[in-house]
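Visitor: Could you walk me through this one slowly? I'm new to reading structures.

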Amino acid sequence: MSLELDIRLPLARFTLEVGTRLDGASVAVMGRSGSGKTSLLEVLAGLRRGARGRVVLEGRVLLDSAARSDVPPEQRRMGYVPQDALLFPHLTAEQNVRFGARPGRASRVDEAVELLELAPLLRRYPATLSGGEKQRVALARALATDPALLLLDEPLAALDVALKERVLPYLLRVRDEARVPMLYVTHQLGEARVLAREALLLEQGQVRAAGPAAEVLGAAARGLLAGEGEGEENILEGVLERPEEGGLRLRVRGGLSLWVPDSPALAPGTRAAYAVPAADILLSIQPLTGVSARNVLTGTVVDVEPVATGEDAATVEVAGVRWVVWLTSASVRELGVVPGARVSLAVKTSACRRLR
Amino acid sequence: MEGVTALVSFTLWVAALATLLILPPGLAVAYALARWDGPGKGVVETLLTLPLVLPPTAVGLVLLELLGRNGPLGRVLDAWGVEVVFTPKAVVLASAVMAFPLLVRSARSGFEEVDPRLVAVARTLGASRTRAFFRVTLPLAWRGVLVGALLAFSRALGEFGATVLVAGNIPGRTQTLSLAIFQRTQLGRDAEALRLAGVAALLAFVAVFATEAVTRRRGRRVRA
């Protein structure tokens with residue numbers, strides 16, 4: 001994907017000003033509530049009048065206020081999924097998905113239905129769907145239009161949402177299987193890290209940072225989001241395996257394997273994503289033995305920074321995978337958790353919660 | 001009773017035609033009022049409500065002055081060989097004008113209930129403005145529109161004041177049920193007038209009952 005942005009849009013409290021170039025197939029847009037994230041998506045979708053500047057997607061000029069060109073939303077090919085899904089209440093889930101299907105590309109509808117596992121929901125009306133189901137239908141509806149770019153506005157407070165309601169696993173499938181570029185507004189650092197190749201940080205309508213996700217989603221992002229009141233999580237995606245000694249493990253890239261709660265319904269070979277709250281991990285500066293937690297990992301501290309009054313986040317690299325652990329600042333001081341230190345992490349099996 | 005059948009069918013015919021006639025402009029105005037929020041909106045709204053509160057005879061008089069042979073509109077129409085005043089056309093027109101505000105008010109509140117963001121989403125899904133209107137806005141506002149059309153139809157069924165001025169009360173030509181009731185009482189044929197009043201009451205009952213039924217079943221499926 002190549003998306004060039006140079007836009008200005010006066011809002012009630014500040015002016016949204018975004019000038020950047022994004023090339024990653026998936027871009028996370030982060031910032032506090034009211035920092036202009038949703039407005040940015042609306043400008044891209046062509047739904048905001050008064051936006052000035054340029055928007056160029058894959059060489060196609062969508063907005064160029066200097067040349068008085070402003071492609072109407074119906075010709076932009078943006079797959080917009082708003083925060084509250086906004087399904088058409090008078091249509092069934094299936095009719096919603098088919099709403100924007102382009103003639104000659106009907107197969108997109110079937111692909112979207114399969115990818116988002118909507119078959120059992122197709123005959124239902126939006127009023128009878130749960131929040132997560134609505135999001136999935138809205139995502140399928142956008143995918144069925146064969147969009148050039150997906151614009152996703154994540155529902156607020158994803159952490160409060162029941163695990164099976166979270167859309168993230170489906171977004172991973174959209175990214176890897178449908179291979180549609182996406183711009184994803186999220187409040188969850190963990191989600192952004194696992195989903196995005198690039199990230200854009202907004203503060204009061206201004207770009208605070210933009211670039212590769214690994215760089216942008218570190219300290220600056222956490223500092224910016226601090227105070228939003230949500231905990232952080234580590235999200236791990238991988239393939240399930242059943243070792244001979246029994247139990248269920250998630251094989252993550254880099255050779256790391258994690259014991260996860262067993263369930264007979266889960267077949268080996270399945271792709272899965274798990275969330276581990278950063279506050280549920282135990283950190284030790286000595287090798288851990290004789291603990292009940294089945295997952296004991298050894299790694300190196302990359303950095304430590306405060307997240308809230310009295311709490312710090314330590315980033316620990318284990319076999320190429322970065323883990324975030326929240327611990328009290330007092331522990332950090334007493335244990336001497338500093339960059340470069342070798343530490344062990346203990347993760348209880350039950351702390352690994354499967355998404356979906 | 002043959003005369004009664006003809007009267008009833010003429011009255012229904014006039015009311016239906018008047019309703020159909022105001023439907024396109026009525027919906028356009030209702031939609032504009034629901035979505036547009038510019039200067040002068042209050043004045044436009046007030047002007048549109050006037051026919052509801054003015055004496056119908058005053059509205060009829062204005063129409064007569066406009067459409068008469070020497071009126072500004074009448075002259076133009078006369079040049080085309082179209083005669084309106086004291087013809088069935090005038091009956092339809094008078095009913096249409098009197099019913100217009102009722103249609104607009106109800107349809108407008110129907111349109112106002114449709115979340116404009118749904119229309120925005122429809123546009124991003126490739127729908128033009130027109131398609132978004134017919135696939136999203138209208139289906140979601142249909143109760144308001146239908147109630148408006150039924151109210152307009154009911155109003156047209158009973159129209160008297162404006163009609164009598166601009167169309168006269170010509171039996172077999174411009175006479176509707178309400179005009180006929182007036183004429184029969186003037187002639188002292190009270191029993192006949194009473195029978196016609198009964199028929200009018202029956203028609204009104206059906207129309208209002210239908211309106212109520214539509215209103216009561218509001219949003220059974222659409223709302224959670």
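Guide: Let us begin with a term we will need: two strands are said to pair if DSSP finds at least two bridges between them. Please also keep in mind that this is a predicted model.

Visitor: What is the order of the strands in the open sheet they belong to?

Guide: The order is 14-13-12-15-21 in chain A, which makes five strands with antiparallel pairing. At its edges stand strand 14 (257-260) and strand 21 (353-354) of chain A, each of which pairs on one side only.

Visitor: How many bridges hold strand 17 and strand 18 of chain A together?

Guide: Strand 17 (residues 295-308) and strand 18 (residues 311-318) of chain A pair over seven bridges in the antiparallel sense, and A:Ala308 stands opposite A:Glu311 in strand 18 of chain A. The two strands form a hairpin with two residues between them, and in the turn A:Gly310 has a positive phi of about 90°.

Visitor: And how many bridges are there from strand 18 to strand 19 of chain A?

Guide: Eight bridges join strand 18 of chain A to strand 19 of chain A, and these strands run antiparallel. One facing pair is A:Val316 with A:Trp323 in strand 19 of chain A. This hairpin, too, has two residues between the strands, and A:Ala319 takes a positive phi near 45° there.

Visitor: Why is strand 18 of chain A called largely enclosed?

Guide: Six of the eight residues of strand 18 of chain A are buried, so the strand is largely enclosed by the rest of the structure. A:Glu317, which lies in strand 18 of chain A, counts as partly exposed because its relative accessibility is 32%, and partly exposed covers the range between under 20% for buried and over 50% for exposed.

Visitor: What does A:Glu317 touch?

Guide: Leaving out residues up to four places away in sequence, A:Glu317 touches A:Gly299, A:Thr300, A:Val302 and A:Arg322.

Visitor: Now chain B: at what angle do the axes of helix 3 and helix 4 cross?

Guide: The axes of helix 3 (residues 56-67) and helix 4 (residues 72-79) of chain B cross at roughly 45° and come within 4 Å, which means that helix 3 of chain B is oblique to helix 4 of chain B. Helix 3 of chain B contributes B:Glu65, B:Leu66 and B:Leu67 to the contact, while helix 4 of chain B contributes B:Pro72, B:Leu73, B:Gly74 and B:Leu77. Sorted by kind, the residues of this contact are five nonpolar, one polar and one charged.

Visitor: Last one: which residues of helix 2 of chain B are buried?

Guide: In helix 2 of chain B, B:Lys41, B:Leu48 and B:Pro51 are buried.

Key: Residues are numbered from 1 along each chain as its sequence is written. Chains are lettered from A and ligands numbered from 1 in the order in which they are written. This is a predicted model: local features need pLDDT of at least 70, side-chain atom pairs count only at pLDDT 80 or more; totals for chains, interfaces and linings use all residues. Side-chain values use heavy atoms; hydrogens and water are left out. Buried means under 20% relative accessible area, exposed over 50%, partly exposed in between (1.4 Å probe, protein chains only). Axes are lines fitted to C-alpha atoms, for helices over the stretch in contact, and angles run from 0 to 180 degrees between N-to-C directions. Angles under 35 degrees count as roughly parallel, over 145 as roughly antiparallel, 65 to 115 as roughly perpendicular and the rest as oblique. Contact means heavy atoms within 4.5 Å. Ala, Val, Leu, Ile, Met, Phe, Trp, Tyr, Cys and Pro count as nonpolar, Asp, Glu, Lys and Arg as charged, and the others, Gly among them, as polar.
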